[in-house]
There are 4 protein chains.
Amino acid sequence: MKIGIVTGGGDCPGLNAVIRAVAKAATKRGWETLGIIGSFQGLLPPQNYRVLDYKALDGLLVRGGTILGTANRGIFSVKTGHGQTRQLPESLLAETRRGMETLGLSALVAVGGDGTLTIAHQMHQFGIPIVGVPKTIDNDLAATAVTFGFDSAVACATDALDRLHTTAESHGRVMVLEVMGRYAGWIAICAGIAGGADVILIPEIPFRYESICAAIAERERIGKHFTLVTVAEGARPVGGDYVSAGGDTAQREARLGGIGAVVASEIEKRTGKETRVVVLGHLQRGGSPTNMDRVLCTLFGAKAVDLIAQGRFGEMVTHTGTSVESVPLSEAVSRLRTVPPDGAFVQAARALGISLGD
Amino acid sequence: MKIGIVTGGGDCPGLNAVIRAVAKAATKRGWETLGIIGSFQGLLPPQNYRVLDYKALDGLLVRGGTILGTANRGIFSVKTGHGQTRQLPESLLAETRRGMETLGLSALVAVGGDGTLTIAHQMHQFGIPIVGVPKTIDNDLAATAVTFGFDSAVACATDALDRLHTTAESHGRVMVLEVMGRYAGWIAICAGIAGGADVILIPEIPFRYESICAAIAERERIGKHFTLVTVAEGARPVGGDYVSAGGDTAQREARLGGIGAVVASEIEKRTGKETRVVVLGHLQRGGSPTNMDRVLCTLFGAKAVDLIAQGRFGEMVTHTGTSVESVPLSEAVSRLRTVPPDGAFVQAARALGISLGD
Amino acid sequence: MKIGIVTGGGDCPGLNAVIRAVAKAATKRGWETLGIIGSFQGLLPPQNYRVLDYKALDGLLVRGGTILGTANRGIFSVKTGHGQTRQLPESLLAETRRGMETLGLSALVAVGGDGTLTIAHQMHQFGIPIVGVPKTIDNDLAATAVTFGFDSAVACATDALDRLHTTAESHGRVMVLEVMGRYAGWIAICAGIAGGADVILIPEIPFRYESICAAIAERERIGKHFTLVTVAEGARPVGGDYVSAGGDTAQREARLGGIGAVVASEIEKRTGKETRVVVLGHLQRGGSPTNMDRVLCTLFGAKAVDLIAQGRFGEMVTHTGTSVESVPLSEAVSRLRTVPPDGAFVQAARALGISLGD
Amino acid sequence: MKIGIVTGGGDCPGLNAVIRAVAKAATKRGWETLGIIGSFQGLLPPQNYRVLDYKALDGLLVRGGTILGTANRGIFSVKTGHGQTRQLPESLLAETRRGMETLGLSALVAVGGDGTLTIAHQMHQFGIPIVGVPKTIDNDLAATAVTFGFDSAVACATDALDRLHTTAESHGRVMVLEVMGRYAGWIAICAGIAGGADVILIPEIPFRYESICAAIAERERIGKHFTLVTVAEGARPVGGDYVSAGGDTAQREARLGGIGAVVASEIEKRTGKETRVVVLGHLQRGGSPTNMDRVLCTLFGAKAVDLIAQGRFGEMVTHTGTSVESVPLSEAVSRLRTVPPDGAFVQAARALGISLGD
């Protein structure tokens with residue numbers, strides 16, 4: 001028996017660890033594994049793949065990114081913007097199936113985010129034997145309590161806050177760190193708590209500059225002349241726009257960079273304190289996965305092979321918080337898991353005196 | 001209002017982060033916090049403590065260990081060996097209460113393992129207003145799904161395996177890493193999976209040297225001339241003794257060091273392969289907590305103050321896997337959470353071809 | 001006897017380690033040490049300082065930044081822009097001396113960059129007993145072969161390149177990392193070599209976009225579909241301006257951010273390859289110093305106290321590459337040490353096929 | 001043109017980075033590079049090697065150990081114990097040359113320590129075109145100011161001390177860390193200074209238990225109830241034997257483990273303070289090289305290829321402290337570089353109040 005594995009969407013730490021786990025678990029069962037290059041595209045002629053024997057897995061556990069490459073766009077795109085989903089044409093699905101037959105693949109493991117899992121779901125409905133492994137560095141998929149890559153991203157952001165802490169303190173500055181999180185503020189709130197941020201801004205809780213400045217003033221009052229602000233890339237002020245104290249509104253982001261730069265600029269203008277911004281960006285996606293992510297990737301990969309062995313196609317691996325299970329792909333896609341504004345994380349942050357900017 | 005906090009038992013990463021969270025959450029409520037030095041002993045005359053104002057909390061989040069010190073023994077000892085528990089004399093409990101009154105403390109937070117929590121439980125039964133925060137670096141407390149310090153210890157052990165990997169491969173050696181875990185193999189199995197160990201030995205699954213050697217031989221067969229073995233300090237061979245191929249049994253541990261040294265010596269004798277052992281020991285207890293541990297500590301500390309505010313004394317903070325809750329101290333003590341031999345971790349390990357030595 | 005220590009200029013890892021070393025070495029000799037807060041300003045009434053006894057030094061070795069704060073501007077400013085130097089008025093120098101007398105200080109250690117050392121030199125000429133410790137994270141001071149903070153900054157930038165490597169490879173992208181180095185490219189070339197950059201742009205060697213694009217094309221040719229570019233903040237294209245392929249020139253930096261963003265934008269325009277930029281910025285200044293920096297700080301601090309004990313005022317600690325010595329402050333200031341375009345680092349980079357963009 | 005590269009002796013971080021640099025620099029010149037497997041042995045029939053094309057170098061810069069494997073013993077052994085050197089038989093040297101001819105090699109790069117460089121020297125005298133790259137993790141080779149792997153080993157030991165610091169402080173214990181350094185104490189003194197050790201024991205300065213205990217007592221006096229001791233594996237008490245307070249002398253090392261365990265046991269016996277020992281061992285050899293080591297490896301590899309290009313066989317790459325040069329292999333071997341007891345490192349340690357145990 002021979003199976004294939006594809007990785008899709010933005011890369012994140014642990015993709016290679018999942019690939020390794022799938023290939024090792026398959027090999028243990030006596031199966032062969034092909035790593036399909038360039039996401040689903042690699043299934044189409046001229047097929048592009050590499051055989052994942054033991055030698056090919058060497059060093060994969062600790063290596064960031066994906067040796068199979070990934071694709072955000074192309075003929076398999078199902079996300080058309082504005083949250084709409086496109087149905088892949090039957091001809092493409094049929095060609096995909098023929099590609100699998102050419103390669104002799106009995107089943108496919110698709111590792112990816114909402115887009116990749118939606119493709120996988122459509123393939124399953126078309127009759128292609130496929131299972132899913134969720135990947136969202138933002139940790140914002142409703143169908144699973146936790147995903148790999150997230151802990152590594154939080155570790156990266158926490159390390160950044162540790163670094164900014166000492167330089168902020170030495171210079172008596174406000175430091176703004178922009179982290180990932182377009183729709184969900186998990187990275188911001190976890191890194192913010194772990195890194196000792198004084199203000200945490202997340203998409204789920206629109207903020208007011210007045211509140212941020214009040215938090216900075218309160219810190220001055222107790223003798224702390226520096227402030228650390230963590231802001232998720234998707235955080236927005238109340239009213240949804242980049243409203244400035246000076247009145248100008250519109251194209252500020254385009255001019256100033258992301259929300260981190262806007263917030264820093266606004267704080268400096270309003271408080272008169274030196275304010276600096278750091279945008280972590282792609283640093284969060286790279287690097288070796290943390291131990292927790294490596295364990296999660298291994299559990300996920302082993303479970304995916306287990307699902308195939310049981311013929312449970314159309315399902316996706318999940319973590320319930322205490323164990324690894326599976327759910328139908330149909331339940332998995334297009335449902336976000338955001339930070340509950342009255343949940344334990346926000347409550348703990350508030351209890352410690354961290355401002356959410358509201 | 002004024003509260004006190006004590007830390008007891010062996011130290012682990014995150015104790016200071018809990019202290020900080022408790023003091024910050026208390027300050028936010030307008031309370032004062034005293035850090036009691038040297039565990040419960042510091043409550044007795046001459047009282048030994050430090051005021052935990054904002055200044056005192058500076059840098060605590062990232063600092064390993066406990067600024068309050070800790071005590072494993074002394075007049076508050078309730079563990080008499082062989083798993084038996086001693087009831088503290090009423091005179092001592094009364095003196096403790098008087099000490100609290102002298103300091104003006106309305107409540108106490110006790111952070112510690114089974115011993116400390118048992119003391120806390122007895123104090124609660126005596127009428128002392130106390131809440132508990134569980135600490136077990138081995139992650140082996142039944143009443144909570146996860147405890148702080150554990151992720152940091154696993155991170156330390158995983159890093160060690162990453163290091164041993166390359167030197168083992170370069171020299172074609174067997175490398176044995178001994179990690180913590182007297183009764184539960186959580187650190188061994190998590191670090192073993194995360195660090196790519198080929199053999200993982202845990203207290204829950206007695207091992208056979210024949211199986212270990214077979215795993216090494218199987219690796220040679222596929223061209224891997226090195227093997228990584230992770231062994232929990234509490235792992236034992238089938239039969240429970242350090243049986244040697246040469247027939248000598250008894251005092252081997254005393255002579256050779258811990259189980260890691262015994263296993264290494266036995267592997268070298270049986271396979272003829274160069275085998276080296278590293279005992280991580282106290283390295284696992286020290287150092288800055290990981291981001292995950294820092295978050296957990298903060299949630300735990302905030303929750304402990306919340307319990308006090310609600311007058312829910314005699315309870316202990318817990319993590320259910322998805323949220324932070326509390327349970328009676330009586331349920332918390334003396335019940336171990338071990339690695340299920342048929343659970344997801346062991347299954348995933350076996351699925352990938354990792355030997356459990358059985 | 002009592003001595004004072006001030007830290008000035010931009011902060012960098014290791015300042016606290018120097019403070020600790022000076023205070024410990026002074027204490028060993030039976031002297032008292034005052035840490036002056038807010039640079040030289042803290043010597044003036046109302047004096048601002050803290051006593052650096054053993055307790056105050058707790059944890060300083062590993063802590064980034066400076067507990068004494070720092071000041072880039074103010075009445076002690078001697079740098080007037082365009083490389084010009086201002087002579088401090090006698091009245092200010094006299095007031096400084098009176099401040100020292102008020103505090104009972106017999107000597108001063110000044111830790112800082114070109115500005116701080118120039119002030120120190122003027123103070124020495126005025127008769128104030130002072131010695132200097134050089135600080136330049138860019139490693140660009142001619143009077144010393146190496147300075148503290150530099151290795152930590154390179155470590156931070158190297159870690160960033162390691163992270164960007166895997167994400168660049170997964171997505172087949174060009175990744176541009178902007179690092180510090182206004183006049184000297186030491187951080188860029190060391191981190192670039194250590195992090196496996198394919199293109200390194202430094203202030204000392206003006207670059208051409210044609211050369212950068214040729215390097216990217218050459219990598220494509222050998223099957224490497226990603227490229228890592230490290231650019232020092234002070235790097236400039238030949239001709240000295242941000243000349244764009246499209247012809248527009250002037251205010252690009254203001255609009256686009258620093259040189260990193262300009263280079264990334266230009267590469268994407270010319271090659272059509274997805275290109276991303278990360279600006280490390282303040283992350284390089286923060287964090288715990290590396291072991292090498294901690295050793296250097298300790299050697300420097302011990303030497304500074306030694307100079308005072310010998311009455312060798314007006315001198316600055318230096319490292320010759322093999323030992324710690326001292327030179328007159330007059331020799332130390334205003335002389336840059338840049339990367340020799342035909343030196344070992346550039347030669348090694350070229351030998352390995354790394355493009356310098358020329 | 002085709003060249004070969006061998007790695008010999010104990011592994012250390014950076015070997016792969018040297019291999020990569022040599023192969024990249026050779027490729028840049030249009031040469032081919034063969035990596036010889038299993039040290040010089042791989043040159044003999046049946047030849048064992050791998051072609052080091054670009055693909056083979058993937059990920060090597062950051063990977064610890066050596067992909068070529070290494071050999072400490074075998075028919076090329078020239079060290080016979082007691083510091084004596086054996087001349088390799090002409091027949092073996094001739095066979096080696098024939099092996100090189102069979103593979104089509106015009107020159108050889110030998111990366112290794114004293115043993116490997118001695119072999120290289122004999123090969124050169126026999127007429128084999130060979131150049132050397134020094135490797136000694138202990139940094140104890142007289143012919144070069146610094147070698148790769150050393151900074152990484154110090155980083156590992158410093159991190160261990162950081163970890164032990166907090167646990168020592170929490171429990172009021174003495175912690176002893178044993179690090180590498182058989183004849184030279186460079187790792188011990190650099191890590192000791194960087195990690196804030198209170199006592200540093202090196203082979204160059206015989207120690208007295210009385211002095212160590214006095215240092216511990218002095219710390220108690222100033223309120224520091226814990227002490228960190230760093231001991232090089234080659235450190236010895238005055239008199240050269242493991243003299244115990246109890247009078248028993250001889251086989252203590254055999255029974256107790258290395259010098260670290262002996263020192264810990266003796267301290268506990270004499271002071272009554274809880275004392276723990278950690279032996280870093282192989283952890284120091286593994287792991288990814290630090291940025292400094294990666295730069296050094298790259299400079300060394302590039303220089304080695306340069307020496308070949310210039311036909312300067314029989315020479316070895318060196319670092320003078322400020323630049324990369326070369327010296328004859330004859331000067332390189334069998335000459336140790338130890339820590340000068342009156343040099344800057346020991347002086348700085350003493351200046352800060354660190355005890356050298358004498």
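Apart from its neighbours within four places in sequence, A:Thr85 is in contact with A:Val78, A:Lys79 and A:Thr118, a contact being counted where the C-beta atoms of two residues, placed from the backbone, lie within 7 Å. The model is predicted, so that local features need pLDDT of at least 70 and side-chain atom pairs count only at pLDDT 80 or more, whereas totals for chains, interfaces and linings use all residues. Residues are numbered from 1 along each chain as its sequence is written, and chains are lettered from A and ligands numbered from 1 in the order in which they are written. A:Thr85 belongs to the loop between strand S3 (49–51) and helix H2 (90–103) of chain A, helices (H or I, at least four residues) and strands (E, at least two) being DSSP runs numbered from the N terminus. With 15 other C-beta atoms within 10 Å, A:Thr85 is partly exposed; a residue is buried if 20 or more other C-beta atoms lie within 10 Å of its own, exposed if 12 or fewer, and partly exposed in between. Its C-alpha atom is separated by 8.8 Å from that of A:Gly115, 30 residues apart along the chain.

Twelve of the 14 residues of H1(A) are buried, so the helix is largely enclosed by the rest of the structure. These buried residues pack against strands S1 (2–7), S2 (32–36), S4 (107–112) and S5 (130–134) and helix H9 (291–309) of chain A, together with helix H11 (344–351) of chain B. After H1(A) comes A:Gly30, with a positive phi near 90 degrees.

Between the two chains, 38 residues of chain B are in contact with 38 residues of chain A. On the side of chain B that touches chain A, the largest share, nine residues, comes from H9(B), and the residues of that side divide into 23 nonpolar, nine polar and six charged. In this division Ala, Val, Leu, Ile, Met, Phe, Trp, Tyr, Cys and Pro count as nonpolar, Asp, Glu, Lys and Arg as charged, and the others, Gly among them, as polar. The axes of H9(A) and H11(B) come within 9 Å and cross at roughly 70 degrees, which makes H9(A) roughly perpendicular to H11(B). Axes are lines fitted to C-alpha atoms, for helices over the stretch in contact, with angles from 0 to 180 degrees between N-to-C directions; angles under 35 degrees count as roughly parallel, over 145 as roughly antiparallel, 65 to 115 as roughly perpendicular and the rest as oblique. In this crossing, A:Thr298, A:Leu299, A:Ala302, A:Val305 and A:Asp306 meet B:Ala344, B:Ala348 and B:Ala351.

In chain A, four strands form an open sheet with parallel pairing in the order S7-S8-S6-S9, two strands being paired if DSSP finds at least two bridges between them. Strands S7 (199–201) and S9 (275–279) are the edge strands, each pairing on one side only. Strand S6 (residues 174–179) is joined to strand S8 (residues 227–232) by six bridges, and A:Met175 stands opposite A:Leu228 in S8(A). Helix H4 (residues 150–171) of chain A packs on the sheet, touching S6, S8 and S9, and its direction makes about 170 degrees with that of S6(A).
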